[in-house]
Amino acid sequence: MSPSPALRVRPVLLAAGSAALLAVTAAVPSAAAPPQPAAAASGSVVLDWYDTTAETVAATAAPTQITNSRTWAIGWIAAARATREAPGGAARAPFQDAAVASAVHDALVGLAPARKAELDAALAATLERVPDGPAETQGVAAGARQAEAVLASRAGDGLDPASVNAPFTVPAAAPGVWQPTPDGYAPAVQYGNRLAKPFLLERPDQFRLGPPPALDSRRYKADLAEVRAYGAADSRTPRQTETANFWYGASLTLYTEPLRVAVARSHGSTADRAALLALFHAALVDTQIATSDSKYAYLRWRPVTAIRTGSIAPDPLWTPLHQTPAHPDYPSGHATYAGAAQAVLDALAGPRTAPFEFTSPTAPGVRRTYTSWRQLTLDNVDARVYSGIHSRTADEAGVRLGDAVGRNALRNADRLFGSL
């Protein structure tokens, strides 16, 4: 399938140390691109359906984050693919607006049927603003067709909650080996992510990290000392505690507002904005799959286990600020999410933006201001140490893994918008 005229090729610098440039299929023009007033005005339909998707996911949230990410990805892949069918000329904008609304509507009805009444009302409201005629009719048909196709292609992909939390047999206790953690000592979760079908990865272990530091290494000892000092329930400065609390929530929830800022400030067309959302969420599903692959490949114990029972000055009463999630330490899932999000947003929305504020459900009353996507990543890295639930090595490795998966999505964007 030939590349969409809505997509542009833009060079993105590879990881540090490389002088090469990679041609990445970009869904949004760079920040330096001239504004496109008509397209930007038309793009309001994308924001309407962004908000509708967020409301739908919140109202019907699955207990597994990756399942909710899958819902976003399916709806917006269908929308992006449908906009590619648009004709040129005056019919293009109404076709694309109708196509986006129809695609996301049908995908969400398929995945969250309990919200059908609300989704039907949202579709009717959008179509009232689209001029009647062949462009509207054809756009609705394209959206419905693509939603049906993407839903069918993802059937049985292993991202339902039962598959995601497939049973995992905990190995015998040994130095460095993950064990269930306090409080609650819950069984392992997210093991099944590494068995699921990715969107653009060739296989879940495509970017598997190298092993974590040896238990007798200087790096490991420094990591443990840092968490012991700054991650305990009664340590840190007030600002550090605020950082830990702010970023303790689910990454999908925390990035909903920053991603909306990127879409709202884009000068791209309806098709451009839909493609940004599709790439973002497909990359983040793949990142969560890759994260679980490395976690369960290495099974590194959590700091609370290491500090309480390890050979370096064990302290059986040490307690982290926040309860430790029930899966291995290396790498940090929050950090991998941040790394992939930054890779996609830097490439498609530019690395910097005007200041924006947002809030966190785990830090009531706190508003944080950011001017770059990298700042979100840096706070994620620090936050998991200050929470006492990850080593800095696990966080930094997570950023690298997320960045690799995000760049892979950008390189393979043409596959996402063709046949899945």
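Visitor: With which side chain does the side chain of T67 make a polar contact?

Guide: This is a predicted model, and what follows is computed from its coordinates. T67 is found in helix α3, residues 65-83. At 2.5 Å, the side chain of T67 makes a polar contact with the side chain of T64.

Visitor: Is T67 buried or exposed?

Guide: Leaving aside neighbours within four places in sequence, T67 is in contact with A62, L159, D160, P161 and V164. A polar atom of the T67 side chain also lies 2.7 Å from the backbone oxygen of L159. The cut-off for burial is under 20% relative accessible area. The relative accessible area of T67 is 11%, so T67 is buried.

Visitor: What share of the residues of the protein count as buried?

Guide: The protein has 17 helices and four strands. Among its contacts with a separation of 6 or more, 80% are between residues 24 or more positions apart. Of the 420 residues, the share that count as buried is 57%.

Visitor: Within what arc do the buried residues of α8 fall?

Guide: Helix α8 has 13 residues, 218-230, and should span 18 Å at 1.5 Å a residue; its end C-alpha atoms are 18 Å apart, which agrees. Y220, D223, L224, E226 and V227 are its buried residues. Seen down the axis of α8, these buried residues line one face of the helix, because they fall within an arc of 160°.

Visitor: Which helices are included in what covers the buried residues of α8, and how many residues of α15 are buried?

Guide: The cover of the buried residues of α8 includes α13 (303-309), α15 (373-386) and α16 (392-411). In α15, the buried residues include W373, D379, R384 and Y386. Helix α15 is largely enclosed by the rest of the structure, because the number of its 14 residues that are buried is 10.

Visitor: How many of the residues of α16 are buried?

Guide: α16 reaches 29 Å from its first C-alpha to its last, close to the 28 Å expected at 1.5 Å a residue. The helix is largely enclosed by the rest of the structure, because of its 20 residues the number buried is 16.

Visitor: What is the relative accessibility of S332?

Guide: S332 is in the loop between α13 and α14 (333-349). Not counting residues up to four places away in sequence, S332 touches K295, R384, H390, A394, D395 and G398. The side chain of S332 also reaches the backbone nitrogen of H334 at 3.4 Å. S332 counts as buried, with a relative accessibility of 0%.

Visitor: Which residues does the cis peptide bond with omega near 0° join?

Guide: A cis peptide bond with omega of about -10° joins P182 and D183, and D183 is found in the loop between α7 (161-164) and α8. The cis bond with omega near 0° runs to P331, which lies in the loop between α13 and α14. The residues that this bond joins are Y330 and P331.

Visitor: Is A313 buried or exposed?

Guide: A313 is in the loop between α13 and α14. Its phi is positive, about 45°, although A313 is not a glycine. The cut-off for exposed is over 50%. At 51% relative accessibility, A313 counts as exposed.

Terms used. Residues are numbered from 1 along each chain as its sequence is written. This is a predicted model: local features need pLDDT of at least 70, side-chain atom pairs count only at pLDDT 80 or more; totals for chains, interfaces and linings use all residues. Side-chain values use heavy atoms; hydrogens and water are left out. Helices (H or I, at least four residues) and strands (E, at least two) are DSSP runs, numbered from the N terminus. The expected span of a helix is 1.5 Å times one less than its number of residues. Buried means under 20% relative accessible area, exposed over 50%, partly exposed in between (1.4 Å probe, protein chains only). The arc is that of the directions from the helix axis to the C-beta atoms. Contact means heavy atoms within 4.5 Å. A polar contact is a pair of N or O atoms within 3.5 Å; within protein, one must be able to donate a hydrogen and the other to accept it, and residues adjacent in sequence count only if both atoms are side-chain atoms.
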